[in-house]
Amino acid sequence: MDAAAFLHYLVTLPDYRQQMVHTEHIPAQDAVFAQLDKPLHSVLEARLKSLGIWPLYRHQSEALNAIFAGKNVIVATPSASGKTLCYHVATLEGMLVDRDSRAVYIFPTKALAQDQLRGLKEIACPELLSEGAVASFDGDTPRVDRAGIKKRARVLLTNPDMLHLGILPNHQSWSRLFRQLKYVVIDEAHVYRGVFGSHMANVVRRLRRVCALYGTSPQFICCSATIANAKEHAENLVGLPFEAVTQDGSPHGEKYFAFWNPPIIDETKSSRRSSNTEATSLFSQLIENNIRSLVFARTRKLTELIYVYTREQLASNLWYRISPYRAGYLPEERRRIERQFLDGELLGLVATTALELGIDIGDLEATVLTGYPGSIASAWQQAGRSGRSAGSSLSFLIAQDNPLDQYLMRKPDFFFAKNFDSALINPDNPYI
């Protein structure tokens, strides 16, 4: 895709009304590699080479060196920079050295846990770990499988709710896991902010107390989108000292990030056209130009509405190539949509923030953000879903008719000056 050519095409359309108020060009970046202080287990290194994910980028090597030195680490680099490999490699190396060691991965959504389960199995099974040694444990896990997971799982993938309500209160039945727990991974740590993050911090402290009961003190590995206070946030979340890795060494193609302000439709009230209407129009143009796209909407209802409106605008040979994606669908339906999008059967999705996180849905060429998501970290996380390959990519931020969105439309330098926001929590709040 020629991103610059598509932007030029948009401004030549008959119904264009000067909506594109700013376009930021982000140049491509080459990879920066680095070596580990000590070599990996030969079997693991051979496996990584066979998958084409060797050598390691600079931030991956820096993180692994710190982990192998016994430190708690937070990796805070942009989307698609390979943060996941940091904890996968650390976990697998630990298990090759100590055949009894175990790990817990905590993800904020079930969809992300399922995606990372697939990714880990691709690396580890069956060469390094058996299929049964890697398992997810959440509300979708069939009850008939749960006893076997407790016995066999060496890497357990779960979410905060299941950890809090299902695992920690029943720690006696998980004693095998807790007695050998070496690593705890908290992925997408920037999500845990505010009241939710403060609750999560107390759940993590409870997890540490249960581990101490069984005589273990696991290392913590956190991954986050780029935030201003990565080290401070990880230490507040877990309650232990951390080392932060923030210098990205991964390659990426050029990106165009356009700020799109809906036109005014009532001068006296200064009201603007709906951001949902603008998202529908942009999404239709992207699909008609065969550009793999993802539209983010703020609510489940808006996800369905943008999908329906776009479907009505598309020709009959294209409408079946788009789909909504949101919480509330059955697990089988969500897995089917993810698979169809990854395989290219679907060309576009309209989703809630369920797809903001690092789910592998293939190489996207464009993302559309319907309204500012509330934080700079989340905005870049959503925009970063496109441009995961070396080609050029596009992102659009469509402003809503509120003061914060309109401020960004007038002052785009505030957003692009890399003034990343901080993730703030207060686990000692007495009401929490």
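Here, a residue counts as buried when its relative accessible area is under 20%, and as exposed when that area is over 50%.

**View 1. Confidence along the predicted chain.** The model shown is predicted, and the mean pLDDT of its chain is 90, with 97% of the residues reaching 70 or more. Confidence is lowest in helix H13 (residues 331-343), where the mean is 81, and highest in helix H9 (residues 194-213), where it is 97.

**View 2. Helix H12 and its buried face.** Helix H12 covers residues 300-313, and its 14 residues reach 21 Å from the first C-alpha to the last, close to the 20 Å expected at 1.5 Å a residue. Thr 303, Ile 306, Tyr 307 and Thr 310 are buried in this helix. Seen down the axis of H12, the buried residues fall within an arc of 100 degrees, so they line one face of the helix. An α-helix has 3.6 residues a turn, so residues three or four places apart point the same way. On the face of H12 turned away from the buried side are the exposed residues Lys 301 and Glu 312. The cover over the buried residues of H12 includes helix H11 (275-288), together with strands S12 (293-296), S13 (322-325), S14 (348-351) and S15 (366-370).

**View 3. The open sheet with mixed pairing.** Seven strands form this open sheet in the order S1-S9-S16-S15-S12-S14-S13, and their pairing is mixed. Strand S1 (20-26) and strand S13 stand at the edges with a single partner strand each, so one side of each is left without a neighbour in the sheet. From one strand to the next, the twist averages 15 degrees. Strand S9 (residues 255-260) pairs with strand S16 (residues 393-398) in the parallel sense over six bridges, and Phe 259 has Leu 397 in S16 as its bridge partner. Helix H12 packs on this sheet, touching S12, S13, S14 and S15, and its direction makes about 170 degrees with that of S13. Helix H13 also packs on the sheet, where it touches S12, S13 and S14, and its direction makes about 140 degrees with that of S13.

**View 4. The open sheet with parallel pairing.** The order of the seven strands in this open sheet is S4-S5-S3-S6-S7-S2-S8, with parallel pairing. Strand S4 (134-136) and strand S8 (243-245) stand at the edges, and each has a single partner strand, so one side of each is left without a neighbour in the sheet. Strand S3 (residues 102-106) and strand S5 (residues 155-158) pair over four bridges, and the bridge partner of Ile 106 in S5 is Thr 158.

Definitions and conventions
Residues numbered from 1 in each chain as written. Predicted model: local features only at pLDDT ≥ 70, side-chain atom pairs only at ≥ 80, totals over all residues. Heavy atoms only, no water. Helix = DSSP H or I, 4+ residues; strand = E, 2+ residues; numbered from the N terminus. Expected span 1.5 Å × (residues − 1). Buried < 20%, exposed > 50% of the residue type's maximum accessible area, 1.4 Å probe, protein only. Arc of directions from axis to C-beta. Contact = heavy atoms within 4.5 Å. pLDDT = per-residue confidence, 0-100. Pairing = 2+ DSSP bridges. Axes fitted to C-alpha atoms, helices over the stretch in contact; angles between N-to-C directions.
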